[in-house]
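Please look over this chain with me.

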Amino acid sequence: MKNVVLAGSSTVVEPTPGASAAQHHDRRTRDRVSQLLLERGAATAAELAVELGLSPAAIRKHLDAMLADGLVEARDRRPRGPRGRGRPAKTFALTATARETFPHFYDGIATAALRWIAEHGGPDAVDAFATSQVSALEERCRAALRSAGDDPMARAEALARALTAEGYAANATTIATGGQLCQHHCPVAHVAAEFPQLCDAETAVISRLIGTHVQRLATIAHGDGVCTTHIPGVARATENTATTVRTDT
């Protein structure tokens with residue numbers, strides 16, 4: 001409720017004490033929901049409630065508001081095993097609009113610079129630039145993998161932690177055909193959409209760091225919701241072997 005004060009012939013509506021504090025708290029909670037969805041890729045209201053220490057009803061209230069604002073989208077979760085009774089659980093994921101609120105590093109000038117390089121130096125110059133750009137990232141991640149051993153999945157998990165520290169919100173999981181490295185944020189997605197050489201160079205880095213052949217199955221720059229790199233369950237491959245696989249061809 002708001003306090004109403006009659007002032008002469010006019011009515012003045014005063015905000016309820018504490019209203020701004022409640023709005024600030026709501027914004028902070030939604031920021032936490034956004035960050036968690038960025039890191040996980042998708043989650044149910046129940047999973048978010050457990051992670052954030054809130055009731056499912058409170059989380060649903062925030063998700064409804066974020067749905068209305070076009071910041072999240074709801075999807076039916078694919079059932080694992082025999083399907084039980086009732087509706088399938090819904091998962092929530094960030095929309096492209098929500099991803100825009102996270103940092104993108106100087107997209108405009110970076111794209112202009114790469115166009116200039118392509119115009120004056122040709123494709124080989126763009127490839128060389130992309131390789132040089134990821135070299136510093138490779139060295140930082142390599143340092144973080146020193147104690148990970150030789151097992152590709154152990155290295156993938158260590159790499160995911162290192163990439164998360166770099167702002168990529170990454171995680172590694174074991175799947176039936178090997179492993180999977182997912183990056184839920186790409187700081188240069190807009191630039192890489194025009195210059196996929198950046199994605200190719202990053203894929204080669206992932207392959208070298210994990211120590212096996214990998215396949216890039218999806219990228220945020222290519223319009224997918226997450227950058228997904230498949231780590232086939234095979235013996236250790238040559239250090240420089242890496243491929244990028246598009247899912248729409």
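Which helices each supply at least two residues of the lining of the second largest pocket? They are helix 5 (107–144), helix 7 (189–194) and helix 8 (197–210). Helices (H or I, at least four residues) and strands (E, at least two) are DSSP runs, numbered from the N terminus.

This is a predicted model, where local features need pLDDT of at least 70, side-chain atom pairs count only at pLDDT 80 or more, and totals for chains, interfaces and linings use all residues. Residues are numbered from 1 along each chain as its sequence is written, and side-chain values use heavy atoms, with hydrogens and water left out.

**The pocket.** The second largest pocket holds about 420 Å³ of space. Its lining has 21 residues, and the closest to the centre are Gln133, Val134, Tyr168, Val188 and Leu198. Helix 5 gives the largest share of the lining, eight residues. By type, the lining has 16 nonpolar residues, one polar and four charged. Ala, Val, Leu, Ile, Met, Phe, Trp, Tyr, Cys and Pro count as nonpolar, Asp, Glu, Lys and Arg as charged, and the others, Gly among them, as polar. A pocket is an open set of points on a 1 Å grid over the protein atoms alone where a 1.4 Å probe fits, with protein on both sides within 12 Å along at least five of seven lines; lining residues have an atom within 4 Å of a point. The volume is the space filled by probe spheres set on the points.

**The hairpin.** Strand 6 (residues 170–175) and strand 7 (residues 178–183) pair in the antiparallel sense over six bridges. Pairing needs at least two DSSP bridges. Two residues lie between these strands in the hairpin.

**Alanine 169.** This residue is in the loop between helix 6 (152–165) and strand 6.

**Confidence.** pLDDT is the predictor's confidence in each residue, from 0 to 100. The chain's mean is 82.

| Stretch | pLDDT | Contacts beyond four places in sequence |
|---|---|---|
| residues 4–13 | under 50 | eleven contacts |
| residues 243–249 | under 50 | 19 contacts |

Where pLDDT is low, the predicted coordinates should not be read in detail.

Note on methods. Contact means heavy atoms within 4.5 Å.
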